[in-house]
Every structure is written in structure tokens, then in C-alpha cells.
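Notebook open, structure loaded. I'm jotting down what I looked up, starting with the pocket.

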Amino acid sequence: MPIEASALLRHPPVLPAGGQHLRYAERQSCDVDEHATHISAWRQEYDQLSCGRFEGAVRELWIDGPRLQLFHEHTGQQTSQQCLPWRGSVWFGVPDGHSLAPVHFSGRLQPADRTRLVMSARADDGFVLRTPRNFGIYGVVVDEEWLGRRMEQLGLRSPPIGQGTMVHVAELAPHLHVALCQTIESLLGLGASGESEHGWGRAALQALLDQLLGLLAGATQGDVHGAPLQASRRRLAAVMAARALVTHPLNHAMTVEDLCLQLHITPRTLRNHFRSVMGESPVEFLRAVRLNACRRRLRRQQTACTVQEVAAQWGFFHMGRFSQEYKAMFGELPSETLRQARIAH
């Protein structure tokens with residue numbers, strides 16, 4: 001499996017069968033781990049990287065006929081995201097433009113002057129995002145075979161996914177970015193209103209879908225950049241391997257030097273890889289990853305483990321400092337997380 005897919009994501013999600021022609025849902029969350037489950041049929045794992053209470057929201061529309069999923073996702077804090085959409089699909093991501101901070105996509109920092117983008121990837125390959133605060137993104141996920149057939153029927157060129165590179169990024173002209181965002185918003189609005197159940201609503205739905213495909217075809221044929229290239233793939237592989245190592249509780253004493261020995265690279269190289277892929281040092285990122293691992297364990301608490309035992313599993317032995325860092329990151333004490341989890345169970 002390509003490097004973008006985590007070891008935790010070895011079994012790709014499958015598109016739900018049957019169901020209604022249209023399904024619309026809105027979901028909100030105050031926890032990054034819960035938020036990662038709110039995009040239906042995806043297999044994902046998110047880490048919160050910036051301090052503060054997390055707020056996330058997803059508006060999602062499923063259209064079963066053409067096997068198509070549309071959504072708008074908002075995350076209030078910086079996140080690291082490992083994403084694997086449903087099997088056989090193609091994903092297109094369009095940042096909504098409200099955040100001007102750059103995004104890292106599958107190991108490459110997008111230039112600060114390229115804020116209007118369409119990113120795309122085959123679902124079977126997966127992809128990785130590192131997002132800034134208050135980040136919003138529109139997602140279009142469509143069955144790859146249906147997409148090819150429909151593009152041919154409409155006389156459009158298919159997007160260049162799976163043609164030599166794992167993922168693609170294309171810069172959008174301002175008018176094209178606005179048109180894409182407004183078209184997806186119109187489709188989401190149609191789903192939210194329930195008006196697609198009427199004849200005129202179904203006609204509007206089809207017209208909007210064809211308009212969306214036409215815009216995507218135009219958007220992905222222009223200034224296309226294949227990513228990641230060989231060098232950025234190596235950097236991303238090293239960063240994801242380091243993350244996988246430190247999230248294992250048996251590796252709580254592992255230092256950056258130990259990681260370098262395991263990965264057969266120098267400390268300087270590892271630091272450069274993290275700066276390039278994540279925009280921060282390995283110490284900062286991996287500490288946040290360990291705090292997120294503790295939170296997942298506390299939220300899924302089903303045994304009599306204590307906060308101290310969970311903290312120790314990931315190398316936090318000074319409880320006062322751990323509680324302080326945990327509260328700064330997530331906006332609540334670890335004991336509060338554990339108490340809420342026990343009430344929920």
C-alpha cells in the first residue's frame with residue numbers, strides 16, 4: 001500500500017450499498033478523534049496539533065445513483081490527517097478560501113501565494129493533509145468508473161488521476177474557485193432542503209452535478225503539479241513511520257535519536273523532513289501525537305486504568321506537567337476526559 005495510508009488503515013472502507021437516493025446530514029464535534037468519523041464511509045485518523053478546544057463540523061450529501069459524496073468540512077484547530085476514502089472512488093478537495101494559511105498535502109507545503117487549489121487523489125492510494133486553524137474544505141468523492149463514463153457522455157476530459165503520479169494539485173483561477181465552491185454549496189443546499197424529492201428538484205440536481213463535473217474537468221487540466229515527487233515521498237514516508245513508532249505505547253521512551261536509528265537517517269535529516277512535511281520540529285509534532293494517543297485511550301476507556309497509567313504508557317511521568325499540557329492542548333483535564341468516557345459507557 002502506498003505510503004500515504006497509515007498502518008491503521010490497511011482495510012479500505014467500502015461504500016454502503018442501497019439506501020435512499022439522497023441522504024443529507026450535519027454533524028458537529030468538540031473532539032478531533034470523533035470528528036474524523038463524521039465523513040461517512042471514510043477510514044481516517046486525525047491528530048490535533050494546536051492548543052485549544054476543538055470544534056469541527058461536517059455537512060454531507062450522499063447521492064447513491066452515481067455513487068457520489070459531497071461535503072464541507074471545518075476544523076477549528078491545526079490538524080494532521082491521514083485519509084482513506086471509500087474503495088474505488090476519486091477524491092477532489094477544494095479549500096474554501098476562508099483561511100489564507102498554506103496547507104501541506106501529502107508531504108508538500110503548498111506555496112502561500114497558491115491559496116485557491118483543487119487537490120485530487122485516488123482513494124485506493126490515500127492521502128495526508130496538515131491543515132491550519134479555522135480551515136474549511138469542500139470534498140467531492142465519486143466512483144471512478146462512473147466518473148469516467150459520465151465525463152465521456154458529457155464530452156469532457158477525465159481528470160488526470162492515476163496517470164503516473166499518486167496525487168495532483170492544480171491552481172484555480174479566482175472565478176473558477178468561486179464557481180466550484182458555489183456549485184457544491186448549491187448541491188448541499190438542495191440536499192438540506194429536501195426539495196430534490198420533487199421533479200424540478202431532481203432536474204436541478206442533475207444540472208448541478210453536470211456543472212460540477214464540467215468545472216472539475218476544467219480545473220484539473222490546467223496548471224497541474226504531480227505530488228508527491230520522489231524526494232517528497234521519502235520525506236513523507238519518514239514522518240509517517242516516526243508517527244507510527246511513537247503512537248505505540250511500548251515505545252514511550254523513544255527519543256528523536258532513537259527514531260533516527262530506527263529509520264536510518266540523521267537527526268538533521270529528520271528535522272528537515274518534519275519541517276518540510278509538517279511545518280514544525282519532530283519534538284513538537286511527536287509530543288502532540290503522544291498527547292492525542294493518550295486522549296484516544298482515555299475516551300475509549302473500558303477498563304479500570306487510571307489517568308496516571310495511561311499517561312505513563314506514552315512517556316508522561318510528571319502528572320502535574322502532563323495535566324497542564326493536556327489541558328492546554330484539548331481545553332480540559334485528562335481526568336475530565338476519563339470521567340466523561342466512563343459516564344458514556
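First, my residue classes: Ala, Val, Leu, Ile, Met, Phe, Trp, Tyr, Cys and Pro count as nonpolar, Asp, Glu, Lys and Arg as charged, and the others, Gly among them, as polar. I also note that this is a predicted model, where local features need pLDDT of at least 70, side-chain atom pairs count only at pLDDT 80 or more, and totals for chains, interfaces and linings use all residues. Residues are numbered from 1 along each chain as its sequence is written, and side-chain values use heavy atoms, with hydrogens and water left out.

**Pocket**

I looked up the largest pocket and got a volume of about 290 Å³. A pocket here is an open set of points on a 1 Å grid over the protein atoms alone, where a 1.4 Å probe fits, with protein on both sides within 12 Å along at least five of seven lines; lining residues have an atom within 4 Å of a point. Grid points are joined across faces, edges and corners, and the volume is the space filled by probe spheres set on them.

I find 19 residues in the lining, with M254, R287, R290, G315 and F316 nearest the centre. Helix 6 (256-263), helix 8 (282-299) and helix 10 (319-330) each give two or more residues to this lining. Helix 8 gives the most, with 5 residues. By class I get 12 nonpolar, 4 polar and 3 charged residues. Helices (H or I, at least four residues) and strands (E, at least two) are DSSP runs, numbered from the N terminus.

**R296**

Leaving out residues up to four places away in sequence, R296 touches D33, E45, Y46, D47 and R243, a contact being heavy atoms within 4.5 Å.

**Whole chain and confidence**

I count 11 helices and 13 strands in the protein chain. Of its 345 residues, 52% count as buried.

The chain averages a pLDDT (the predictor's confidence in each residue, from 0 to 100) of 85, and 87% of the residues score at least 70. Over residues 1-12 the pLDDT is below 50. Where pLDDT is low, the predicted coordinates should not be read in detail.

How values were computed
Buried means under 20% relative accessible area, exposed over 50%, partly exposed in between (1.4 Å probe, protein chains only).
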